[in-house]
Amino acid sequence: MAFLQIENLSFTYPNTQERALESVSLEIKEGEFVLVCGVSGCGKSTLLRHIKRELTPHGSKAGVVYYRGIDIEKLDQKIAASEIGFVMQDPETQLVTDTVWHELAFGLENLGLSTPEIRRKVAEMASFFGIDGWFRKSVDELSGGQKQILNLASVMAMQPKVLILDEPTAQLDPIAAQDFLATIAKINRELAVTVILTEHRLEEVFLMADRIVVMEKGEIVCFDTPEQTAKLLADRNDKQTMFKGLPSAIRIYSELRLGDYCPLSVRDGRKWLDEYMIPVAWGLEDQVKDRAQKQKPVIEAEEIWFKYSKEGQDILRGFSLKAYSGEILCVLGGNGTGKTTMLGVISGLLKQYRGKVVINGKKIEAFKAQELYRNNIVLLPQNPRALFVCDTVWGDLEEAATILGLDKVALRAEIDRIATELRITKFFARHPYDLSGGEQQKVALAKLLLLEPKIVLLDEPTKGLDAESKEGLGEILKKLCSQDVAMVLVTHDIEFAAQYADQCAMMFDGDIVSEGKAREFFAGNNFYTTAANRMARGIFPKAVTCEDVIALCKIRV
C-alpha cells in the first residue's frame, strides 16, 4: 500500500474549458522528499491543494487521492488537520493570531490538547526552529523569513506525517531561503516526515529531493531521480521552458557537452570547469552606459527617515537613491531591511518624517493624487491581490484601461496587446483569485502597464514566475526602458537581476550601502551573487550569468 497515492486525478476550474490537471497518477513513499516543478500554471499548486482537503479548490474534479489507503475525502477530520501539514507561498495568508507564541499554540488548541502538552510542544518547536529570541513578539514585527519559519514551526507542532510546501521561499532573500530549505531537509532526514515541495528556484533544492515530478499542462511528464530528470530535460531537443529553470550547472553543461558526467550542483560544476577550462583574467564587455551620460534623475530620494509610529524604530535611516529614465535599478538585501518601505515612500503611499522625494524635478508633496498616478508612477505591490477589484481578469484589465479614456475598440485593442505580451489572454474569464501566484503577478503587471506609466516600481515582480515567464517579463522591462521608462525593482531574484538590471544596489539597515553596474556588483559579492558566478569564480571572474560562462567556455574550447 502506497503512503500517498493519486489515481487519475483531473480538475477544471469554473468558467474554463482547459483542465488544470489531466489524469494525474502518482505514488509517494513514506519519508520521501519529492520536488514538484514546472512552468507557471502547469498545475503544481492545484495538485498540492488536492492533497490537503481543506484547501481543495472549487471546480470540477475526477479521480481519487488516498492517504494511507483511505480516500482523502473520507479521512477523519482530526487526522486530516494534524497529519497533513501545508505551508503556503505567502506567509501573511497563513498567520491567524497576533503573537508568535499564540501562533505556535493555535493549531494544538484546535486539536484539543491539554495545556501542559501544548506548552511542551510549543517550547520544543521554538527551540528547534530558533524562535526563542522572538517568542513573545507580535507577528507584525517579524520579517518575511521569520514569518515563514513561524508558519513551518506552527505546522510541525502538530507532528504531521506529510509536509506540503507551495513555493515557500518565494518571498525570502537568498540567505534566508537557503536556511529555510536546509531546515526542510533536516525535518525530512531526522524526523522522517514525507516532504512534497514546489519551487521555481531549483539551485538549492534540486539535489535535496529523492525524486522529482516535472509537470506540463496539467500532466506529469517525468517522475524520477534528480540525475535522471536532469538528463531527460537536458537531452530534449526543444529545450522547452522547464529547461530554463534548471540549476546553472546543468544548463551550462547541456550547451557545451564536455565530458560524460552532467554536474548538478555549483560544487560539481566548479570541478567540471576546473577540469576543462584554463583560468582567464579578462571578461566580457559591459554594455551598460555610465550614469554620467544620462540626463537628470527622474527619482531623487534624499536623506529619507521613516518609521511607522512615533514610538517605533526607524525603518529607513538616512536613505538616499537616484533613478534614471531608460534604466532598470534593482534593489537587493535581506528581509526586513526596508526595501518595501522604501518603495512606499517613493510612490507617495508613505510619508517620511525627514528628507525629501523629488519626482521629475517636483517634490512629491506638490503633486495631486490624480496627477501623480495617472500616466506617471505605478507600484506593483508584493501581494498582487491588492490590485484586484473585479470577478474576472478581463474586468480588472478593463477597469484600469478605462482611465485612459479610450473608445471601446481602442480599449479592447490595448488590453489585447498587453495581455498578449504577458500571455494572459486565456485567463480573461477566470477569477483572479483562481490563478496561480505567478499568473496573478502577470495580470497585476498588465493592469499597471495599461496606465502607460513613466516610472514603474516593482516589489518582487518575479515571485511565482517560471523561467520563461521571467524571460518574458525581462523583455517587457527592456522594451519599456527603450521608451525612457524608469524602473526600480525590489527583488530577491539574483539571477533575474544579473540578467536584466542596469544598476544594482544593496540595502542594509534602512539605507543603501553599495551600488554599481550589475556585472561589477555581482562579481564582487560572495553570497548575493549568481550560481553561475560562484561556479566560475577563479576561472572566469567576471562571468555572472549562464550565458557569460557558456560564451567564455566556447572561446576557450
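Two bridges join strand β14 to strand β15, residues 362-363, and these two strands run antiparallel. Please note from the outset that we are looking at a predicted model. Within this pairing, V358 has K363 in β15 as its bridge partner. The two strands form a hairpin with two residues between them.

F306 and Y308 form an aromatic pair with 4.8 Å from centre to centre and 90° between the planes, an edge-to-face arrangement. Are the two partners buried or exposed? F306 is buried, with a relative accessible area of 5%. Y308, by contrast, counts as exposed, at 53% relative accessibility.

I now turn to the open sheet. Six strands make it up, in the order β16-β17-β18-β13-β19-β20, and the pairing is mixed. Which strands lie at the edges? They are β16, residues 377-380, and β20, residues 511-517, each of which pairs on one side only. On average, neighbouring strands of this sheet are turned by 15° against each other, with direction ignored.

Inside the sheet, strand β13, residues 328-332, and strand β19, residues 503-508, run parallel and are joined by four bridges. There, L329 stands opposite Q503 in β19. Helix α11, residues 339-346, packs on the sheet and touches β13, β16, β17, β18 and β19. The direction of α11 makes about 155° with that of β17. A further helix, α15, residues 437-449, lies across β16 and β17, and runs at about 170° to β16.

Next, the nonpolar cores. As general background, nonpolar side chains in soluble globular proteins tend to be buried together. In this model, the largest nonpolar core has 74 residues. Which residues have the most contacts inside that core? They are L152 and L163. Leaving out residues up to four places away in sequence, L163 touches a series of residues including G85, V87, L152, V155 and M156. Further along the chain, the residues touched by L163 include I184, I187, V193 and I196. Apart from this core lies another, of 53 residues, among them L380, V393, F428 and L448.

Eight of its nine residues are buried, so α9 is largely enclosed by the rest of the structure. Among those buried residues are S248, R251, Y253 and L256. After α9 comes R257, whose phi is positive, near 55°. R257 is not a glycine, and its place is in the loop between α9 and α10. At 39% relative accessibility, R257 counts as partly exposed.

The structure holds nine aromatic pairs. One of them involves Y253 and W272: the ring centres are 5.7 Å apart and the planes stand at 65°, so the pair is edge-to-face. Why does that angle decide the matter? Planes over 60 degrees apart count as edge-to-face. This pair links distant parts of the chain, with Y253 in helix α9 and W272 in helix α10, 19 residues apart. Y253 is buried, with a relative accessible area of 6%, and W272 is buried as well, with a relative accessible area of 6%. Together with Y276, Y253 and W272 form one aromatic cluster.

I shall end with two loop residues. The first topic is Q159, in the loop between α5 and β7. Q159 has a positive phi of about 55° although it is not a glycine. With a relative accessible area of 48%, Q159 is partly exposed.

The other is K52, in the loop between α1, residues 44-51, and β4, residues 60-67. Is K52 buried or exposed? K52 has a relative accessible area of 10%, and because buried means under 20%, K52 is buried. What does its side chain reach? The side chain of K52 reaches the backbone oxygen of I84, at 2.5 Å. Leaving aside neighbours within four places in sequence, K52 is in contact with A80, A81, I84, F86 and I164.

How values were computed: Residues are numbered from 1 along each chain as its sequence is written. This is a predicted model: local features need pLDDT of at least 70, side-chain atom pairs count only at pLDDT 80 or more; totals for chains, interfaces and linings use all residues. Side-chain values use heavy atoms; hydrogens and water are left out. Buried means under 20% relative accessible area, exposed over 50%, partly exposed in between (1.4 Å probe, protein chains only). A polar contact is a pair of N or O atoms within 3.5 Å; within protein, one must be able to donate a hydrogen and the other to accept it, and residues adjacent in sequence count only if both atoms are side-chain atoms. Contact means heavy atoms within 4.5 Å. A nonpolar core is a set of buried Ala, Val, Leu, Ile, Met, Phe, Trp, Tyr and Cys residues joined through side-chain atoms within 4.5 Å. Two strands pair if DSSP finds at least two bridges between them. Axes are lines fitted to C-alpha atoms, for helices over the stretch in contact, and angles run from 0 to 180 degrees between N-to-C directions. Rings of Phe, Tyr and Trp (its six-membered ring) pair if their centres lie within 6.5 Å; planes under 30 degrees apart count as stacked, over 60 as edge-to-face and the rest as tilted.
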